[in-house]
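Below is a colleague's note on the model, arranged as numbered points to be read alongside the coordinates. Please check each point against the structure as you go.

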Amino acid sequence: MNSPLDSLAARAGQVNLSSQEVARYSRHLIMPEVGMDGQKRLKAASVLLIGAGGLGSPLGLYLAAAGVGRIGLVDFDVVDFSNLQRQVLHGTPDVGRPKLHSARDRLQAINPEVRLDLYETHLTSANALQILGPYDVVIDGTDNFPTRYLVNDACVLLGKPNVYGSIFRFDGQATVFYPGRGPCYRCLYPEPPPPGEVPSCAEGGVLGVLPGLVGCIQATEAVKLILGRGEPLIGRLLLYDALEMRFREFKVRRNPMCPMCGDNPTIKQLIDYDQFCGVRGQEAPPAAQAAGSPGLGETTVEQLKQRLDRGEKVFILDVRNPEEVQICRIPGSVLLPLPSLPQRLRELNRDQEMIVHCKSGMRSQRAIDFLRQQGFTKLSNLKGGILAWADKIDPTMPKY
Amino acid sequence: MIFHVRLFARARDLGGADHAALDLPNGATVADMRRRLVALHPQLADLAGKCAVAVDAEFADDNRVLTEGAEIALLPPVSGG
Ligand SMILES: [Zn+2]
């Protein structure tokens with residue numbers, strides 16, 4: 001399979017470095033592994049960063065500083081206070097701005113030589129091939145399973161290397177999926193986990209430094225691919241455990257039965273990835289989720305407040321983790337974290353009406369699904385979770 | 001035979017420990033290991049089947065037979081970014 005990097009040497013032959021660029025990149029230029037040829041390859045190269053968040057921050061900063069000629073950024077999000085603990089591309093004054101705007105300002109300040117392409121949109125099956133098309137290297141820094149499968153499949157269809165990284169609490173993963181030279185993401189994970197089974201950073205938390213390290217591994221691999229130097233992380237999944245401070249490496253082979261990159265691929269075009277991953281839409285931002293009328297089996301925060309104000313004894317089950325309860329809680333709620341629910345079922349009364357809540361409504365829905373299987377019937381989900389309570393009932397409540 | 005399975009990321013959280021010790025018969029496969037792990041830790045029921053399994057630092061499919069002393073790792077998918 002042809003790789004877009006095959007033509008890089010020829011394209012690098014057509015670019016020149018100004019004397020200012022020579023000064024800027026001098027610490028690269030004096031190393032034989034980079035040199036003038038390598039720096040020209042970087043300048044001639046194009047990289048697409050999908051996601052300008054935790055991983056996208058160090059990626060953007062280092063790739064711009066390194067002199068990658070053209071960097072595309074895909075993100076639709078707005079900077080939130082909760083991003084600043086790890087997304088070092090954005091600063092406190094950027095809160096409320098589109099991430100792509102603060103990213104553009106920061107990256108231009110670091111290196112005005114870099115051409116930036118901004119795609120302020122969701123990456124979808126409809127636009128992915130077009131957006132990925134012009135780039136030599138794709139870097140996956142997204143935060144959800146549907147987009148990870150989408151990026152994988154688009155890269156396989158287009159024959160582009162996909163520099164992969166992902167993070168969870170204290171654990172990181174990184175590898176390079178390079179069609180024709182190694183396995184793809186589906187060789188490693190043919191099917192996504194059930195929705196909600198693997199919490200996002202928003203649900204499960206993440207060590208702020210972690211994406212810095214994993215993103216820097218991705219940036220290193222991208223630069224190596226462009227330079228054509230060293231041993232790329234193809235066919236090797238690198239695991240980083242920050243608590244143990246240990247790296248482990250696992251060999252991954254292409255699966256001949258892989259539906260995407262196997263000997264007889266069955267997936268020949270992009271599919272519906274939300275459906276594939278069983279998500280009815282990612283966890284919506286609290287404002288959007290809290291809006292609207294309650295669905296079947298739901299209670300709104302206003303309804304709950306009215307009932308409490310009338311003096312009704314309502315059993316409110318909080319399935320969040322103890323750390324979250326320390327930040328805020330709805331008065332009178334009973335804590336029983338979702339993971340401990342199976343062991344602590346005896347503490348609950350099957351015949352009692354229960355309003356179940358979490359942060360925004362996803363884990364409580366899983367709790368309700370589980371309790372229904374166990375024979376509970378009088379259950380309802382607090383729509384929008386405690387975030388909706390903070391938005392609509394108690395503005396003094398801190399949000400997280 | 002006792003096999004030690006190292007649990008990573010979400011599997012470690014759900015399993016409540018960084019490894020699980022499983023008693024498996026001779027000739028047991030990766031698929032048998034998954035079933036035994038879920039029997040021991042029912043909270044892993046939904047995730048275990050979606051995890052990659054490495055044996056001696058190399059990814060292995062469900063048919064792979066486990067030999068004595070094999071180092072087994074259960075690696076859940078991770079999506080955060
Ligand atoms: Zn594959």
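1. The contact between the two chains draws 34 residues from chain A and 20 residues from chain B. On the side of chain B that touches chain A, at least two residues each come from α1 (9–15), α3 (45–48), β3 (52–55) and β4 (58–59) of chain B, and the most is given by α1(B), which supplies three residues. Sorted by class, that side of chain B holds 12 nonpolar, four polar and four charged residues. It should be kept in mind throughout that this is a predicted model.

2. As to the overall build of chain A, there are 17 helices and 13 strands. Its radius of gyration is 24 Å, close to the 21 Å that the globule rule gives for 400 residues, so chain A is as compact as a globular protein of that length. Taken along the principal axes, the C-alpha atoms of chain A fill a box of roughly 80 × 50 × 40 Å. Of the 400 residues in chain A, 44% are buried, and among the contacts in chain A that link residues at least 6 apart in sequence, 69% join residues at least 24 apart.

3. The domain assignment divides chain A into domain 1 (4–276) and domain 2 (286–392). The centres of domain 1 of chain A and domain 2 of chain A, taken over C-alpha atoms, are separated by 38 Å.

4. Is strand β5 of chain A mostly covered or mostly open? Strand β5 (residues 162–168) of chain A is mostly covered, with seven of its seven residues buried. In a regular strand the side chains alternate between the two faces of the sheet.

5. The partners of β5(A) deserve a point of their own. Strand β4 (residues 137–140) of chain A runs parallel to β5(A) and is joined to it by three bridges, with D140(A) standing opposite Y164(A) in β5(A). Together with helix α8 (residues 145–158) of chain A, the strands β4(A) and β5(A) make a right-handed β-α-β unit. Strand β6 (residues 171–177) of chain A, by contrast, runs antiparallel to β5(A) and is joined to it by seven bridges, and here I167(A) stands opposite G172(A) in β6(A). The hairpin of β5(A) and β6(A) has two residues between the strands, and in this hairpin R169(A) takes a positive phi near 55 degrees.

6. Four residues lie between the strands of the hairpin of β7(A) and β8(A), where M245(A) takes a positive phi near 50 degrees.

7. Chain A also has an open sheet of five strands with parallel pairing, in the order β9-β13-β12-β10-β11. At its edges stand β9 (298–299) and β11 (334–335) of chain A, each with a single partner strand, so one side of each is left without a neighbour in the sheet. Strand β10 (residues 315–318) of chain A runs parallel to β11(A) and is joined to it by two bridges, and the bridge partner of D318(A) in β11(A) is L335(A).

8. Leaving out residues up to four places away in sequence, A154(A) touches A128(A), L129(A), L132(A) and L270(A). E324(A) is 170 residues from A154(A) along the chain, and the C-alpha atoms of these two residues are separated by 38 Å.

9. I271(A) is found in the loop between β8 and α12 (273–276) of chain A. This residue, I271(A), is partly exposed, with 13 other C-beta atoms within 10 Å. Neighbours within four places in sequence aside, I271(A) is in contact with S125(A) and F276(A). I71(A) is 200 residues from I271(A) in sequence, and the two are 26 Å apart in space, C-alpha to C-alpha.

Technical notes. Residues numbered from 1 in each chain as written. Chains lettered and ligands numbered in written order. Predicted model: local features only at pLDDT ≥ 70, side-chain atom pairs only at ≥ 80, totals over all residues. Domains from an automatic or database assignment. Contact = placed C-beta atoms within 7 Å. Nonpolar A, V, L, I, M, F, W, Y, C, P; charged D, E, K, R; others polar. Rg over C-alpha atoms; globule rule 2.2 N^0.38 Å. Buried ≥ 20, exposed ≤ 12 C-beta atoms within 10 Å, placed from the backbone. Pairing = 2+ DSSP bridges. Right-handed = clockwise from strand over helix to strand, strands pointing away.
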